[in-house]
Amino acid sequence: MLATLINDIKRLVVLSSGIGSNLQAMIDTLHDQDGITIAAVVSDKPSPSLKRAIKADIPCLFLPQQKKQSNTDYDNLLDRFIQLFHPDLIVLSGFMRILSAKFVDQYPNKIINIHPSLLPKYKGLNTHRRVLENGEKVHGTTIHFVNQFLDSGEIIAQKIIEITQDDTVESLKRKIKYIEHVFYPKIIKQICQGNP
Ligand code: GRF
């Protein structure tokens, strides 16, 4: 019976190297609830994400890339750690690396990311600034599967916001993050329940 219960629990490994506000939303609304657990957190920077994981008693790893280490070698090491935790889903949030084809091919439809733009528009960095510079009327955030190309995997879900005249880079950043903190956990939960 216990074995059955353990097997039913969906295990997330979260790769998060930034402020970690999305990680915090997952800790607050998903972790050890409704058959989901955050099994581990990895950061390639000495980021607040690690502190958030430690505070929540979640195993975490600071894995910076070494000077002479190739991306492939880095990904192999990353994968060795991740495999210890048998993830059902690998969740990226502010993990600013492009994962190699070898890595992503091992986890078909099991790696997701959230990107602050309405993909396929505005891949990469500085999305809020570019959206404003181009006079866009709408902006948003996208949850997508991860492949070996930047912000290019199949789109799972998007949220759209209207841009107002007084919006700035900072206000858009704030609005998008506010949405992401509810949207990302909701979609992760749906995927874990077999309902993407
Ligand atoms: C989010 O805005 C997400 O869209 C992008 O990186 C940011 C991560 O923020 N991929 P945080 O570290 O979760 O606060």
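Ser70 is partly exposed, with a relative accessible area of 32%; buried means under 20% relative accessible area, exposed over 50%, and partly exposed in between, with a 1.4 Å probe and protein chains only. Ser70 lies in the loop between β3 (60-62) and α4. Helices (H or I, at least four residues) and strands (E, at least two) are DSSP runs, numbered from the N terminus. The side chain of Ser70 reaches the backbone nitrogen of Asp73 at 3.0 Å. A polar contact is a pair of N or O atoms within 3.5 Å; within protein, one atom must be able to donate a hydrogen and the other to accept it, and residues adjacent in sequence count only if both atoms are side-chain atoms. Between the C-alpha atoms of Ser70 and Asp105, which are 35 residues apart along the chain, the separation is 18 Å.

The model is predicted, so local features need pLDDT of at least 70 and side-chain atom pairs count only at pLDDT 80 or more, while totals for chains, interfaces and linings use all residues. Residues are numbered from 1 along each chain as its sequence is written, and side-chain values use heavy atoms, with hydrogens and water left out.

The ligand comes next. Its surroundings consist of Gly18, Ile19, Gly20, Ser21, Asn22, Ser93, Gly94, Ile114, His115, Pro116, Lys177 and Glu180, where a residue is near a molecule or strand if one of its heavy atoms lies within 4 Å of it. By class, this shell holds three nonpolar, seven polar and two charged residues. In that scheme Ala, Val, Leu, Ile, Met, Phe, Trp, Tyr, Cys and Pro count as nonpolar, Asp, Glu, Lys and Arg as charged, and the others, Gly among them, as polar.

The protein covers 88% of the 360 Å² of accessible area that the ligand has on its own; accessible areas come from the Shrake-Rupley method with a 1.4 Å probe, and for residues only the protein chains shown count as cover.

The space taken by the ligand is the largest pocket. On a 1 Å grid over the protein atoms alone, a cavity is a set of points where a 1.4 Å probe fits but cannot get out, and a pocket is an open set with protein on both sides within 12 Å along at least five of seven lines; lining residues have an atom within 4 Å of a point. A molecule sits in a cavity or pocket if more than half of its atoms lie within 2 Å of its grid points. The elements giving two or more residues to the shell around the ligand are α2 (21-29), β5 (111-115) and α7 (169-192).

Ser93 also takes part in a contact within the protein: the side chain of Ser16 reaches the backbone oxygen of Ser93 at 3.4 Å. Ser16 is in the loop between β1 (10-15) and α2, and counts as buried at 1% relative accessibility. Asp44, in the loop between β2 (36-43) and α3, is buried as well, with a relative accessible area of 9%. The side chain of Asp44 makes a polar contact of 2.6 Å with the side chain of Ser17.

Backbone geometry is the next topic. Most residues other than glycine have a negative phi, and most peptide bonds are trans. The peptide bond from Leu119 to Pro120 is cis, with omega near 15°. Pro120 is found in the loop between β5 and α6 (127-133). Tyr122 is also in the loop between β5 and α6, and has a positive phi near 60°. Tyr122 is buried, with a relative accessible area of 13%. His86 has a positive phi near 45° and lies in the loop between α4 (71-83) and β4 (89-92). With a relative accessible area of 59%, His86 is exposed.

Arg130, in helix α6, is partly exposed at a relative accessible area of 24%. Lys51, in helix α3 (residues 48-55), counts as exposed at 67% relative accessibility. Lys51 and Ile36 are 15 residues apart in sequence and 21 Å apart in space, C-alpha to C-alpha.
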